[in-house]
Amino acid sequence: MTFQSVAQDYLSELQTEIKKASRTHRTTPELSFRPCLDRFLQQVARLNGSDNETIYEPKQQKESGRPDWQFYNAKTKAVYGYAEAKGPIPHKAIDLESHQQ
């Protein structure tokens, strides 16, 4: 499994979910897309090492709000970082050029 294949699978699944959201109007912009993002982040973590894991909705941190994900090493318990996700806007195209570095 490569990052490219993981990313392609995620984008395909996200596209399916966005189409469903547009068709049914019964999804929430932020929460409905999190399951496929969670799977993507778990796969990316494993690509970077078998001991790397994610925690979805970790308990609240003492000095900050509660992030959506925590990334850590299960063996050493080292925390790599946190992530907060916002939902896509289903009817607005994603401008990839503005996100490339």
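1. Two strands pair if DSSP finds at least two bridges between them. Keep that in mind for the sheet below. Note also that this is a predicted model.

2. Start with strand β1, residues 52–56. Strand β1 is joined to β2 by 5 bridges, and the two run antiparallel.

3. Strand β3 covers residues 79–83. Between β2 and β3 there are 4 bridges, again with the strands antiparallel. Here Phe71 has Gly81 of β3 as its bridge partner.

4. The turn between these strands deserves a check. The hairpin of β2 and β3 has 5 residues between the strands. Within the hairpin, Lys77 takes a positive phi near 65°.

5. Turn to the helices. The axes of α1 and α2 come within 9 Å and cross at roughly 175°. Angles over 145 degrees count as roughly antiparallel, so α1 is roughly antiparallel to α2.

6. Which residues make this contact? From α1 come Phe3, Val6, Ala7, Tyr10, Glu13, Leu14 and Glu17. From α2 come Cys36, Leu37, Arg39, Phe40, Gln43, Val44 and Leu47. The contact residues of α1 and α2 divide into 10 nonpolar, 1 polar and 3 charged.

7. Two residues of that contact, Glu13 and Arg39, also meet through their side chains in a salt bridge, at 2.2 Å from N to O. Glu13 lies in helix α1 (residues 3–24) and Arg39 in helix α2 (residues 34–47), so the pair ties together parts that are 26 residues apart in sequence.

8. The model has 7 salt bridges in total. Another one joins Arg34 and Glu57, with the closest N and O atoms 2.9 Å apart. This pair links distant parts of the chain. Arg34 is in helix α2, and Glu57 is in the loop between β1 and β2, 23 residues apart.

9. Compare the accessibility of these two partners. Buried means under 20% relative accessible area. Arg34 has 5%, so Arg34 is buried. Glu57 has 25% and is partly exposed.

10. The side chains of Arg66 and Glu57 meet in a salt bridge at 2.3 Å, N to O. Arg66 is partly exposed, with a relative accessible area of 46%. Salt bridges that share partners join Arg34, Glu57, Arg66 and Asp68 into one network.

11. Follow β2 with its bridges to β1 and to β3. Then view α1 against α2, roughly antiparallel. Last, find the network that includes Arg34 and Glu57.

Notes. Residues numbered from 1 in each chain as written. Predicted model: local features only at pLDDT ≥ 70, side-chain atom pairs only at ≥ 80, totals over all residues. Heavy atoms only, no water. Salt bridge = Lys/Arg side-chain N within 4 Å of Asp/Glu carboxyl O. Buried < 20%, exposed > 50% of the residue type's maximum accessible area, 1.4 Å probe, protein only. Axes fitted to C-alpha atoms, helices over the stretch in contact; angles between N-to-C directions. Parallel < 35°, antiparallel > 145°, perpendicular 65-115°, else oblique. Contact = heavy atoms within 4.5 Å. Nonpolar A, V, L, I, M, F, W, Y, C, P; charged D, E, K, R; others polar.
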